[in-house]
Amino acid sequence: MDTVGLWSLVRFAHVAGAALWVGGQLALSLVILPLARRLLGPEAKDRFTAEAGRRFGMLTGALFLPVQLGTGVAMAWHKGVTWASLAEPGYGRTLAAKLALFAVVMAAAAAHGIAHARHRADLARALAVVSLVGSLGVVLLATALPAT
Amino acid sequence: MTGKQDGSAPAGAGGPARRPALLGTAAGAVLTVLAVLAANSGGGTGDPAVAAGTGAGGTTVTRTVEVTLAGMRVRPARIEVAEGTALRLKVTNTDAVRHDLKVEDGPATPLLTRGQSRTLDLGTVTGDREAWCTLPGHRAAGMTLDIVVRDTGAGSAHRAAGDAHGDSTDGGHGGHSAPGGGTGPDLGADFSRGWRERTADLAPAPGGRLHKVELRAAHTTAEVAPGVKQQMWTFGGTAPGPTLRGRVGDVFEITLVNDDEGMGHGIDFHAGSLAPDRPMRTLEPGERLVYRFRAERAGAWLYHCSTAPMLQHIGNGMYGAVVIDPPDLRKVDHEYLLVSSALYLGPPGSTAQVAKMREGTPDAWVFNGAAAQYAKRPLTVKAGDRARFWVVDAGPSDPVAFHIVGTVFDTVYKEGAYLLTPGRPGGAQVLDLAPAQGGFVETTFPEAGHYAFVDHDMRHAEAGAHGTVEVTR
């Protein structure tokens, strides 16, 4: 039995996707955007941040979300998770909480984009941070689950 | 572009509080904490075994069962719960190798190393479920757990099927306590408290050239595998029967008494040559005879019941060994005798049990009458000691390939002849015996450690034909 088998690769895609997405958020929030605000002129800064946010959002929707959802559903099916089992204490509820928090994270990210478009910069910033912290919470719950 | 502000603009622009990053962090942390609380809800850690219902399901009973993984078995192998019980399994691996436990349509533990534990929440149990170790071959080897919904009415179809498949227990006599899940008796379990192993030590030949022995034939219930009691047919109350020993030329005078109430028995000593007609005749209950023979030749000889059907009489325990020392037998530090045989569980003489004998599908293979007994009660020697192992294969049908892990035999004696002596350059790893054959091997244990001995037919070894020699400094 290969240790690097099919399911290990599925898990890899899921974990790597999460790591890269959260890493990308952190890179944006801690590195790219602060430097852009500091070093660019107001017009260039606004365009840059808007484009950066749009591009990140596009990659999230086109690449990250399908991979996470696809691999996540596949692993849940493989483990025999059913809708009913999501209510059961332990594994079920942990997974359900993780999914709920993930949905909140995605909603916050989307709302961040909308807030930015409406020039509600502070709200946009808050929502971005909610999304980032929330996604760390998703990772926390993910690591609480036994491996698939 | 007007009206734009960057994120650090003072309030008054109508956005949320001053420091959006702080607010966002706080909100994110609160959401995470709520999610973690939700994840952990529904049963705290360290619940007592039975708790009154908590949370939503007001009258749900929670039951926590401790489950152990070891030796290709899940213990307990069967859990009965009332329908609607919320079941939690506290799974611990006590084996040296890794195992896990996966519940059908439910949660699974990760691979657990020795000593690791994990608790599985199955939620409310509404139907029978199975759980097993997912490592390749482990489930097939018997590492399964049946979770069965106990119902108040007549037995469910599942349970009926389960009972019919296992061996039924007879009222008073015969039969055996049904073993747990998996195939065959659970060899990882322990024998009952107070159980004593049949000593493997072989006493030296008693003095004198005439040996008088009384052997009584009867039924005896014995613990033949951990926790498994079986009715055996015995000489002298044990299976194997008492061991006789002497030297070439000794005379043996055996008084055979049939104490059995329902059936006839006889006896056949391979060690002596005589006309079978009278000495090996079948005695009715209460009768007795004197069987007199002279052991003209050295060897490890079988004796067994001579009453038909011999497959059953031998298969149910009526066998034993007669050891006639070859001259100039070398002195050793330890001498052991192992009689190898197959074990058939179930009411003796029942159709199902006899079918197993005919088809050659015993429930276990054993040395000296009990499965894995010397794994539970190892033989003990010192490093550098020389030991002689006499082996007799009582059958009734299977050969034995006797091997001691980690040792080399420098002496092999089989069926009256030395095949190998220490002076020769070669060594042996196995003493192979067909049914009824006997011999011995000698070896020196080189250093401290644990040396398993087996019937090297792995089906036999894994099904009880194994033991341990513990070598200390």
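Start by selecting residues 386-395 and 438-444 of chain B: these are strands β21 and β26, paired antiparallel over seven bridges. Strands here are DSSP runs of E of at least two residues, and helices are H or I runs of at least four, numbered from the N terminus; two strands pair if DSSP finds at least two bridges between them. This is a predicted model, in which local features need pLDDT of at least 70, side-chain atom pairs count only at pLDDT 80 or more, and totals for chains, interfaces and linings use all residues. Residues are numbered from 1 along each chain as its sequence is written, chains are lettered from A and ligands numbered from 1 in the order written, and side-chain values use heavy atoms, without hydrogens and water.

Now pick B:Ala387 and find B:Thr443 of β26(B) opposite. Zoom out to the open sheet of six strands, β19-β18-β21-β26-β23-β24 (chain B), with mixed pairing. Its edges are β19 (364-367) and β24 (417-420) of chain B, each with a single partner strand, so one side of each lacks a neighbour in the sheet.

Next, show the open five-stranded sheet of chain B, β20-β28-β27-β22-β25, also of mixed pairing. β20(B) pairs with β28 (residues 466-472) of chain B in the parallel sense over four bridges. Within chain B, B:Val381 faces B:Val471 in β28(B).

Finally, select α4 (residues 121-144) of chain A and α1 (residues 20-40) of chain B, which pack at about 30° with axes 7 Å apart. That makes α4(A) roughly parallel to α1(B) (angles under 35 degrees count as roughly parallel; axes are lines fitted to C-alpha atoms over the stretch in contact, with angles from 0 to 180 degrees between N-to-C directions).

Conventions:
Angles under 35 degrees count as roughly parallel, over 145 as roughly antiparallel, 65 to 115 as roughly perpendicular and the rest as oblique.
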